[in-house]
Amino acid sequence: MTNDKRGTSDQVNRRNVLKGLSVTGLGSIAGCTGGGASVGQETTTTVEGDWPDLSGQEVHFLVDETSDAFRNFFSNVGSDFQAATGATVRMEYQATGGSAEERLAQLLQSGDPPEVLLSSVSQSALFAVRGIAAPVNEAFQAATDRYGEPRQRMQYQGDEYMMPFGSNIGMFWYRTDLYDEAPTTWESLLQGAQNVQENTDLNGTALLGGTSFCTELQLMSFAYSAGANVAENNDGDINVIMAEGSNRDRWIQTLSYLQDLKSFSGGNEDIGCEGSTVLANENSAHAWWVGSRPKNQCVVQDRPFAGDVAAVQQPGPGTEGALTCGLTDGLITFQDADVEAAQTYMEFFAQPKYFTQIMAITPIHIIPPFPGIFELPAVQQQLNELPDVWTDHDIQTMKNATENYTTLADETDPPNPYSGAIYGSNILSDIMYDATINQRDPAAIVDEYAPQIQNVVDQAQQG
C-alpha cells in the first residue's frame with residue numbers, strides 16, 4: 001500500500017470521467033431508507049482494536065447522502081476512526097442529483113480524488129476498467145476472513161475494487177387483509193390484483209410509469225424473473241442482446257405481462273421513486289420496491305394495517321422466488337488517493353458494530369453483503385427486538401431473497417462497466433412507459449429500443 005498522491009491527473013479527462021456515469025450512479029442506497037422506524041440504537045461508539053498510526057494523513061469520504069440518520073452514522077464512524085488512528089477524516093455529503101458526479105469529476109481531474117467513495121458496483125466496474133480505481137484487496141480479504149464470501153463483489157482482472165457496504169433487493173409487499181393468497185407467481189399476482197380492484201377502492205398493484213431509476217429497477221426485476229437480460233460481455237465488448245433469439249422472446253413475454261398487470265395499477269404515468277408510499281397512502285394493496293420502504297412507510301405513518309403488510313420474493317412466470325433486480329453499494333478508492341489510509345478506513349468500517357448500526361437504521365432494508373453478519377449476536381438480538389409488525393416471515397423472506405438477486409452490472413461476467421450509462425439514458429423508463437402507458441406492441445418496443453441501448457453502450461465504451 002502507498003500513501004503518496006501520484007500526480008497522474010493529466011491522464012484523466014473530465015468529460016470522459018463523466019461519460020458513462022449514471023445520473024443516479026453515485027446515489028447511495030442508504031439515502032433510500034425512508035427514515036424512521038429504527039430500533040433506536042445509538043450510533044455513538046467507543047474505539048476498539050489496534051489500529052496503525054495515520055497521523056498527518058487524511059481520509060476524504062465522498063457520499064451522495066441526504067438522510068440525517070446516515071449522515072450521523074458516517075460522521076460518527078469518521079470520528080471514531082480519527083480517534084483510533086490519528087488521521088483526519090473529511091466528510092463531504094452531496095445532495096441527490098447531478099452534483100455528486102460533477103464533484104467527483106472535478107476531484108479526479110485535479111488529481112485529488114476522495115480516499116473513499118460510497119457508490120455502486122456499476123460505477124466501481126467503470127472506474128476499474130478505465131484505470132481510475134485502485135484495488136482494495138487487503139481490506140476486502142480482512143472482511144471476508146471475518147464474515148465469509150460476500151454475495152456481491154466487483155472483481156476485475158483478479159483484483160477486488162469494492163468493499164461491499166450493503167444491498168437493496170427487489171421485493172413485493174402486499175396487504176394480507178386484501179389479498180386472498182400470497183402473490184407468489186405472475187398468475188397469482190394478476191388474479192389477486194384483479195380481485196382487489198373489483199372489490200375495494202384500491203388499485204390491485206402499482207406499476208411505475210415516470211422517468212426514474214426506480215421505474216427501471218422495477219422493469220428489470222420483472223425481466224430477470226422471466227430470464228431476460230439486457231447485455232452480454234464478450235472479452236470486454238458489451239453487446240446488447242435484448243432483441244436476439246430466445247432472449248427477445250423473454251423480453252416480449254415480460255412486456256406483455258406488464259401490459260396485463262397495468263389494468264389493475266391505476267394511472268401512475270408520472271410516478272417514479274415516490275412510488276414507495278403507495279401502500280401507506282392507500283393507493284394500492286401491493287407494491288414493489290428495492291428493500292423494505294413500502295412497509296416501513298406504513299410503520300412510520302402508523303397505519304392500522306401496517307402489520308398486515310407482508311413480504312414476498314419476486315415471482316416469475318409459474319415460479320416462486322424468481323431472480324430479481326437489486327442494488328449493491330460499496331466503498332471504492334482511487335489510484336491518486338491515499339490508498340493506505342483508504343484501506344485502513346475500510347477495514348475499520350467493516351467492524352461488526354458498524355454493520356449492526358447500518359441494519360438498525362431501517363429494519364431489513366439494507367441487507368448486509370457478507371452472510372456472517374446475519375449471525376452476529378448483536379444483529380440477532382436486534383432482529384428479535386423489532387416491533388411485532390415486522391414478522392419472522394418478513395425477515396426470513398428477505399434473507400431468502402439475498403440468494404436470488406442480481407444487478408444490471410452483474411448480469412454479465414465480468415461486470416458490465418457501462419450499466420450506469422444504460423440507466424442514465426432513461427431508455428429503460430421509455431420502454432416501461434411505451435409498454436404499460438402507451439400499450440404498444442411489445443415486439444416492436446424491443447426491436448426499437450435495443451439498438452438505442454447499444455448506441456449508448458458504444459458511446460460509453462469510446463469514452
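**A short note on this predicted model**

1. Let us start with Glu282, which sits in the loop between α8 (245-262) and β10 (286-290). Helices (H or I, at least four residues) and strands (E, at least two) are DSSP runs, numbered from the N terminus. Although Glu282 is not a glycine, its phi is positive, at about 55°. Its relative accessible area is 43%, so Glu282 is partly exposed; buried means under 20% relative accessible area, exposed over 50%, and partly exposed in between (1.4 Å probe, protein chains only).

2. A word on reading the model: it is predicted, so local features need pLDDT of at least 70 and side-chain atom pairs count only at pLDDT 80 or more, while totals for chains, interfaces and linings use all residues. Residues are numbered from 1 along each chain as its sequence is written, and side-chain values use heavy atoms, with hydrogens and water left out.

3. Asp235 also has a positive phi, near 55°, and is not a glycine. Asp235 lies in the loop between β8 (231-234) and β9 (237-240), and is exposed at a relative accessible area of 85%.

4. Do look at the peptide bond between Asp413 and Pro414: it is cis, with omega about 0°. Pro414 belongs to the loop between β13 (405-406) and α14 (419-424).

5. Lys295 deserves a visit. This residue is part of helix α9 (residues 293-300) and is buried, at 0% relative accessibility. Its side chain makes polar contacts (pairs of N or O atoms within 3.5 Å; within protein, one must be able to donate a hydrogen and the other to accept it, and residues adjacent in sequence count only if both atoms are side-chain atoms). One is with the backbone oxygen of Val309, at 2.8 Å, and another is with the backbone oxygen of Val389, at 2.4 Å.

6. Lys295 also forms a salt bridge with Asp394, 2.5 Å from N to O.

7. Another salt bridge joins Glu92 and Arg103, whose closest N and O atoms are 2.6 Å apart. Glu92 is in strand β2 and Arg103 in helix α3 (residues 99-109). Glu92 is buried at 15%, whereas Arg103 is partly exposed at 22% relative accessibility.

Terms used:
Salt bridge = Lys/Arg side-chain N within 4 Å of Asp/Glu carboxyl O.
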